[in-house]
There are 2 protein chains.
Amino acid sequence: MSVAIIVSTHGHTAKQLVRTTEMLVGKKENVSYINFYSDENTDILIKKFESNIKRFEDISGLLFLVDIWGGSPFNAANRIIQKISQSYNIQEKVCIITGVNIPMLISIFFSLEESDMNFQKIVQNALKSGRDEIKLHPEIQKEEKKTQKETQFDEFRSISSEKAKKNMNIVLVRIDDRLIHGQVATRWTKDTRINRIIIINDSISEDKVRCMLLKQVSPPGINAHVVSIDKFIRVYSNPKYSKDRVMLLFTNPTDVLEIVRRGIEISSINIGGMSYKEGKQQVHDSISIDQKDVESFMELSRSGIELEIRKITSDKKTDMVRLIKSKFK
Amino acid sequence: MSVAIIVSTHGHTAKQLVRTTEMLVGKKENVSYINFYSDENTDILIKKFESNIKRFEDISGLLFLVDIWGGSPFNAANRIIQKISQSYNIQEKVCIITGVNIPMLISIFFSLEESDMNFQKIVQNALKSGRDEIKLHPEIQKEEKKTQKETQFDEFRSISSEKAKKNMNIVLVRIDDRLIHGQVATRWTKDTRINRIIIINDSISEDKVRCMLLKQVSPPGINAHVVSIDKFIRVYSNPKYSKDRVMLLFTNPTDVLEIVRRGIEISSINIGGMSYKEGKQQVHDSISIDQKDVESFMELSRSGIELEIRKITSDKKTDMVRLIKSKFK
């Protein structure tokens with residue numbers, strides 16, 4: 001038994017809210033959308049809802065997510081709730097949340113994956129995420145926050161000379177030149193249960209503005225750092241970070257190859273995005289590579305490292321080596 | 001000088017959020033959207049932002065509304081803010097709000113119409129509406145609330161025998177068989193500054209479930225009632241309501257004609273929506289009428305009452321009589 005979700009708004013927004021969430025965190029069964037067009041009325045909308053609900057099998061709860069209080073999608077959902085409550089005793093398991101936004105949907109998509117989630121918990125999490133993730137940037141307290149993050153970074157800096165006891169726990173190595181962005185900040189961060197993101201890139205680590213921006217955009221509860229290859233090698237064996245779960249982010253395979261050559265052991269590399277530039281050839285949806293990339297990838301593969309392409313965790317893995325062999329003959 | 005708004009999200013959601021808001025409350029200049037597709041990167045997005053910003057002339061503030069914290073739309077907007085802050089001293093006038101939803105956009109569209117709105121106020125209102133309009137229905141306190149509304153309705157009922165002193169202040173008469181829905185709950189309620197909606201319909205007034213639902217969906221601060229024609233005539237002249245600003249909502253012109261025949265003075269009728277049913281002919285976007293409707297409309301027109309079609313206040317008025325004459329010869 002599971003919970004069914006129906007997103008409904010005026011116009012085409014409902015569909016796109018679901019599509020955007022799927023783009024960020026992957027598809028979910030039992031999540032559907034109903035657009036409401038200006039030439040329709042509440043009765044038509046109720047019929048659309050009803051035929052949609054019939055498709056769900058064996059559901060234990062029904063949650064409507066609508067745009068505004070008192071709009072037709074809300075009114076139609078409310079009529080459905082009245083009908084259902086008259087027939088079944090499930091008042092506590094059918095409700096509407098207004099003001100639907102992407103953070104609310106992401107929270108729900110994640111909740112649907114948890115085995116210990118009941119309907120009330122899903123609803124409460126959705127309300128909380130929807131509201132709490134409406135944030136202003138820059139905030140008035142901007143300066144304070146920045147200082148705090150800078151301090152964390154300084155700590156990181158100061159420990160590189162301590163004696164190594166146990167190495168860093170690397171959970172994911174990803175090549176994605178968009179660095180910290182939607183898919184990384186949501187889907188990957190959750191699924192890998194990391195608490196630290198380390199971006200390894202010599203030139204970005206020297207660009208102070210970019211470093212500050214990257215640290216600002218790290219998801220809640222996650223520490224982000226930007227370091228050069230040299231500095232990463234120094235901090236890798238620091239015991240202070242042995243209990244952390246770390247994601248390494250690279251912009252290219254040559255940097256990954258460099259840390260492997262310098263003794264960092266990894267077994268798999270996830271390739272999420274390498275954008276097109278002149279001289280590169282597109283080999284996959286959002287992956288373009290040049291001859292240097294090819295050489296580095298092949299060298300990494302020869303070291304026994306898996307090279308798999310996935311934008312988000314639920315995508316099917318595509319083998320990078322096979323792709324290179326078919327495109328670069 | 002005015003404030004420019006850029007809505008940006010992963011996928012096609014940004015465009016549809018703007019379209020849905022326009023559908024509800026009308027178009028606004030200086031509100032634009034940037035979709036972000038999965039084959040693009042932050043640099044491309046920054047370029048799209050920059051060419052978009054160039055189109056705005058003489059703006060005093062720039063507000064980005066994005067889907068999630070740390071996503072590419074957020075990151076690109078953040079980079080723009082850094083660039084702008086380096087060139088100009090307008091840090092307080094450029095910012096990002098995450099978790100964009102329709103209530104937030106409606107708040108901003110309304111704020112842009114106010115002459116005394118400054119940037120900080122627009123931002124604070126947007127945050128507040130975005131968060132506060134994320135609501136759960138039915139709430140746990142449902143029963144209490146219902147009792148309160150029922151009491152208000154009983155008051156209304158009890159006063160019809162009091163001696164009339166001054167008549168009800170009718171601000172808008174609207175025919176819309178969707179009754180209280182998105183456009184009515186937002187655009188019309190705001191523009192007419194009403195505090196009471198009276199739905200006049202004999203059969204709906206006898207359907208207790210529907211009455212309860214209609215009262216539930218009334219916008220915040222607005223009292224809604226459903227009454228029969230007889231009851232409306234009785235309460236019309238009650239002095240208790242002489243200070244209220246009232247919207248009358250009808251499903252058809254024949255009911256309006258009836259109250260006019262019984263002495264209620266009105267000068268104009270807004271026609272917002274009459275849905276298609278068998279035997280009706282579509283004469284306009286969301287307006288279908290039959291012979292009985294035609295006769296009532298023509299009779300109302302002969303009494304000197306304006307009959308104008310508009311879905312929302314900012315639409316151009318279409319003359320119903322001219323339309324009837326061209327379609328029913």
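**Entry 1: salt bridges**

I took a salt bridge to be a side-chain nitrogen of Lys or Arg within 4 Å of a carboxyl oxygen of Asp or Glu. One that I looked up joins the side chains of Glu113(A) and Arg187(A), at 2.8 Å from N to O. Glu113(A) sits in the loop between helix 4 and helix 5 of chain A and Arg187(A) in helix 7 of chain A, so this pair ties together parts that are 74 residues apart in sequence. Helices (H or I, at least four residues) and strands (E, at least two) are DSSP runs, numbered from the N terminus.

I note the ground rules here. Residues are numbered from 1 along each chain as its sequence is written, and chains are lettered from A and ligands numbered from 1 in the order in which they are written. The model is predicted, local features need pLDDT of at least 70, side-chain atom pairs count only at pLDDT 80 or more, totals for chains, interfaces and linings use all residues, and side-chain values use heavy atoms, with hydrogens and water left out.

**Entry 2: chain A against chain B**

How many salt bridges are there between chain A and chain B? I found zero. I did find 22 residue pairs in polar contact across this interface, both residues at pLDDT 80 or more. A polar contact is a pair of N or O atoms within 3.5 Å; within protein, one must be able to donate a hydrogen and the other to accept it, and residues adjacent in sequence count only if both atoms are side-chain atoms.

The area buried between chain A and chain B is about 5600 Å², with 62% from carbon and sulfur atoms. Buried area is the accessible area (1.4 Å probe) that two parts lose on being put together, summed over both. Trp69(A), Ile134(A) and His137(A) supply 14% of what chain A buries against chain B, more than any other three residues.

**Entry 3: backbone**

I then checked the peptide bond from His137(A) to Pro138(A), which is cis, with omega near -5°. Pro138(A) is in the loop between strand 5 and helix 6 (142–158) of chain A. In chain B, a cis peptide bond joins His137(B) and Pro138(B), with omega about -5°.

Arg193(A) is not a glycine, yet has a positive phi of about 45°. I placed Arg193(A) in the loop between helix 7 and strand 7 (196–200) of chain A.
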